[in-house]
Amino acid sequence: MKKTGLIALFIAVVVLASSLYLLTRNGEKEKVQEESERTYLTVKTIDEDISEISLVNTSGFFGFEKKNGEWMNVFTEYVKTSGNTIYAIESILKETLAVDEIEKDVLSLGKYGLDKPSATVKYVTASGNTGFLKIGNSIVGEKYYFTVDDKNVYTMDVSEAGLFFVGMRAFADMTLINVEIAEFLNVTISKAGEDIVISKKNEAELMEENADALFTYELTSPVKENASPNDVQYLFEAIANTAAAEYDPYADDEACGFTESDAYFAYETKNGSAKFILGNKAEEGYTYIKVDGVKGAYKISDEEISFMDYTAFDVVDKHIALYYYDEISKITIETANEKYELIAGESPSCNGNSIELDAFQEFYRSLISLSYEGNVETETEAVKGAVTITFETAGGKDVTEYVNYDAMNYAVSRNGAMEFTIQKKFVEKILTLVKEL
């Protein structure tokens, strides 16, 4: 193609792009202008105060009464509403505006979805007058059909109609926890008789000049080990952001399954503590939950409490034994038939034979890279392990036993507990490397 042809093609592309931009921009401007210039039809006004409102939508039934000028949620008793949604609904009821008048003296409410409305609001005024507003089908996501008398049909802007489709969170504070994750001193997840406890280390521990001081939190149950910083962060964020979908402050404990429950999560901060008990399934995808010692129940989505599925393996730091090189004075590795005593320091040795410092430190890096790989899923007797590795430091001895578990894995026994596994091949690699020193 000649140069002049390329230039002409380029100009044509620029002109086309500019035209499309202007058309899109003008279209958006026209839509904004249309909305700003839209005139509304007043369908109904209420000159007196509204004292009661009930709302039924796909999320359920919500009842409200006004007490001393404030809207209250009506459960068995009254709980103050949270947020401005109920006041916005009240405002729409007191002056109901329509975008369009669709049909007067309608013969069939069904064609507008008003025979089985998506949302229905009923109200009672201070003088005892009653009324309603029903929301029907949507119109291309911009408007909804509605009626206030079952005779005449109008349309309502989607921004207003959407207020009638909200759930309990719009009317009551469903936030269960109001804590910054840095404030957690400890967190407990308990289920099936096992407690997983993550605790913040004290200031003295965090000031020590050793590898343990790299970890702010530790797993204190079912084993005592450092906790993985990233995994703890994810867990604490999930707990701190826990919010419920519905709330009944006077629900029965036994009916909700709290009295026999052994599942809960809890936390402690310097300003206090809280415990949340899990009950029965409320419905598909939801579970009852309550604050321990407080009457009432929340309904919470199973996604919100998915952290209850965490295991100890999910939060433990995966390094089995982690020390700085200068913390170690001696390492002993034993099997049924062999024993290796390694002296650390500037002039390392193995069973009395000198080793090059670089070679020993390379072996040491491999040794401390041994990591947990999974949970112990079956009962394993605490018998003497196939391999025992002991680190000696100024603080004492750290003994790890690798116990036969299955064809591919050892169970790792530390501090009197076996919760995790490691693949045998990684431990056997260490045995090969120590023989080569």
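Trainee: Is F236 buried or exposed?
Mentor: This is a predicted model in which local features need pLDDT of at least 70, side-chain atom pairs count only at pLDDT 80 or more, and totals for chains, interfaces and linings use all residues. Residues are numbered from 1 along each chain as its sequence is written, and side-chain values use heavy atoms, with hydrogens and water left out. Buried means under 20% relative accessible area, exposed over 50% and partly exposed in between, with a 1.4 Å probe and protein chains only. F236 has a relative accessible area of 2%, so it is buried.

Trainee: How do the rings of F184 and F236 pair: stacked, tilted or edge-to-face?
Mentor: Rings of Phe, Tyr and Trp (its six-membered ring) pair if their centres lie within 6.5 Å; planes under 30 degrees apart are stacked, over 60 edge-to-face and the rest tilted. The structure holds 19 such aromatic pairs. In this one the ring centres are 5.1 Å apart and the planes stand at 65°, so the pair is edge-to-face.

Trainee: How many residues apart in sequence are the parts that this pair ties together?
Mentor: Helices (H or I, at least four residues) and strands (E, at least two) are DSSP runs, numbered from the N terminus. F184, buried at 0% relative accessibility, lies in the loop between α3 (158–161) and β12 (186–191). F236 lies in helix α5 (residues 229–240), so the pair ties together parts whose separation in sequence is 52 residues.

Trainee: How far is the charged end of K275 from the centre of the ring of Y264?
Mentor: A charge sits over a ring if NZ of Lys or CZ of Arg is within 6 Å of the ring centre and within 35 degrees of the ring normal. K134 sits over the ring of F132 at 5.0 Å from its centre. For K275 over Y264, the distance is 4.2 Å.

Trainee: Which residues touch the most other members of the largest nonpolar core?
Mentor: A nonpolar core is a set of buried Ala, Val, Leu, Ile, Met, Phe, Trp, Tyr and Cys residues joined through side-chain atoms within 4.5 Å. The largest one has 101 residues. A second, separate core of seven residues includes A251, C256, F258 and Y264. In the largest core, the residues with the most such neighbours are I198, I331, I333, F391 and Y402.

Trainee: In which sense do strands β2 and β8 pair?
Mentor: Two strands pair if DSSP finds at least two bridges between them. β2 (residues 50–57) and β8 (residues 119–125) share six bridges, and L55 stands opposite V121 in β8. Their sense is antiparallel.

Trainee: Which strands stand at the edges of the nine-strand sheet?
Mentor: The open sheet is antiparallel and has the order β15-β14-β13-β12-β17-β18-β19-β20-β16. Each edge strand has a single partner strand, so one side of each is left without a neighbour in the sheet; the two are β15 (225–226) and β16 (246–248).

Trainee: What separates the C-alpha atoms of G279 and C256?
Mentor: G279 lies in strand β18 and is partly exposed at 21% relative accessibility. Leaving aside neighbours within four places in sequence, G279 is in contact (heavy atoms within 4.5 Å) with C256, G257, F258, T287 and Y288. G279 and C256 are 23 residues apart along the chain, and their C-alpha atoms are separated by 5.7 Å.
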